[in-house]
Amino acid sequence: GHYCRLHPPDMSFKNRMKCLKTLKKIGYQVGAGFMVGTPYQTENELAKDLKFIEKFKPDMCGIGPFISHRDTPFKDMPCGTSKLTCYLLSIIRIIYPQILLPSTTALGTITPNGRELGILSGANVVMPNLSPSDTRGKYELYDNKIFTGAESAQDIEILKSKMSSIGYKVVIGRGDIKK
């Protein structure tokens, strides 16, 4: 399927699901997610991803638009869109209201006000980049990843201002689930 086209054979979908389910069963908080607009992705795959989130109920779901990286076999593939990503964020918020749902740096990379759009679409988490600024380039998951400062812990005031401009307040905390 779709997963197999994007991952090496030794990273089986079956083993990945087994690990997630085991972690949840023994009491760990778990996260799941998917990229929107990945190569070969169909609406059917997106529907399956949404159904998985609804059924599995992870503590967090990270989704963001696919953005190609120059050093991968997918370097020439089109990127996902902020419009579809925000639409799917809103669906996840409806099907599982208590989930931690990040507005990702990928959204901010693909659209200048992407993270704000993500929050307005139902996301409730903005995660800062905690890597020291002089080493962030080593963790580049896709081309042109934003490094404006607003995504970093050092410039939290910029992030607070951006969220305030859309009527939201940044609350600093770990985001642990209270049971």
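The questions below start with the chain as a whole and move on to single residues and pairs.

Q: How many helices and strands does the protein chain have, and in what order do the elements run?
A: This is a predicted model. The protein chain comes to 7 helices and 2 strands. From the N terminus, the order is α-α-β-α-β-α-α-α-α.

Q: What share of the protein chain counts as buried?
A: Of its 179 residues, 40% count as buried. The word buried requires a relative accessible area under 20%.

Q: What share of the contacts in the protein chain with a separation of 6 or more comes from residues 24 or more positions apart?
A: Such residues account for 64% of those contacts.

Q: Which residues have the most contacts inside the largest nonpolar core?
A: They are Phe 34, Ile 53, Cys 61, Ile 63, Leu 88, Ile 92 and Ile 99. The core has 21 residues. Elements giving two or more residues to it are β1 (31-36), α3, β2 (60-65), α4 (82-95) and α7 (156-164). Helix α4 gives the most, with 4 residues.

Q: What does Ile 92 touch, not counting residues up to four places away in sequence?
A: Ile 92 touches Phe 34, Leu 50, Ile 53, Cys 61, Ile 63, Ile 99 and Leu 101. A touch here takes heavy atoms within 4.5 Å.

Q: Why is the pair of Phe 52 and Phe 56 called an aromatic pair, and what kind is it?
A: The structure holds 1 aromatic pair. The ring centres of Phe 52 and Phe 56 are 5.0 Å apart, and the cut-off for a pair is within 6.5 Å. Their planes meet at 15°. Planes under 30 degrees apart count as stacked, so this pair is stacked.

Q: Where do Phe 52 and Phe 56 lie?
A: Both lie in helix α3 (residues 43-56). They are 4 residues apart, about one turn of the helix.

Q: Why does Phe 56 count as buried, and how does Phe 52 count?
A: Phe 56 has 10% relative accessibility. The limit for buried is under 20%, so Phe 56 counts as buried. Phe 52 has 24%. That value falls between the limits of 20% and 50%, so Phe 52 counts as partly exposed.

Q: How do you know that Lys 24 lies over the face of Phe 56?
A: Lys 24 is at 4.6 Å from the ring centre. The distance limit is within 6 Å. A second condition, on the angle to the ring normal, also belongs to the rule. Lys 24 is listed as lying over the face of Phe 56.

Q: What makes Lys 51 and Glu 54 a salt bridge?
A: Their side chains meet at 2.7 Å, N to O. The rule asks for within 4 Å, so the pair counts as a salt bridge. Both residues lie in helix α3, 3 residues apart. Lys 51 is exposed at 51%, whereas Glu 54 is partly exposed at 28%.

Q: How many salt bridges are there by this rule?
A: The count comes to 3. One of them joins Lys 160 and Glu 157 at 3.6 Å, N to O. Lys 160 and Glu 157 both lie in helix α7, 3 residues apart. Glu 157 is exposed at 54%, and Lys 160 is partly exposed at 31%.

Q: What does the salt bridge between Glu 116 and Lys 162 tie together?
A: The side chains of Glu 116 and Lys 162 meet at 3.7 Å, N to O. Glu 116 lies in helix α6 (residues 114-120) and Lys 162 in helix α7, so the pair ties together parts that are 46 residues apart in sequence. Glu 116 is buried, at 9%. Lys 162 is partly exposed, at 30%.

Q: Is Ser 82 buried or exposed, and what does it touch?
A: Ser 82, in helix α4, has 16% relative accessibility. The value is under 20%, so Ser 82 counts as buried. Beyond four places away in sequence, Ser 82 touches Leu 107, Ile 110 and Thr 111.

Q: How many disulfides does a search of the whole structure find?
A: The search finds 0 disulfides. A disulfide would need two cysteine sulfur atoms within 2.5 Å.

Definitions and conventions. Residues numbered from 1 in each chain as written. Predicted model: local features only at pLDDT ≥ 70, side-chain atom pairs only at ≥ 80, totals over all residues. Heavy atoms only, no water. Phe/Tyr/Trp six-rings, centres within 6.5 Å; stacked < 30°, edge-to-face > 60°. Buried < 20%, exposed > 50% of the residue type's maximum accessible area, 1.4 Å probe, protein only. Lys NZ or Arg CZ within 6 Å of the ring centre and 35° of its normal. Core = buried A, V, L, I, M, F, W, Y, C linked by side-chain atoms within 4.5 Å.
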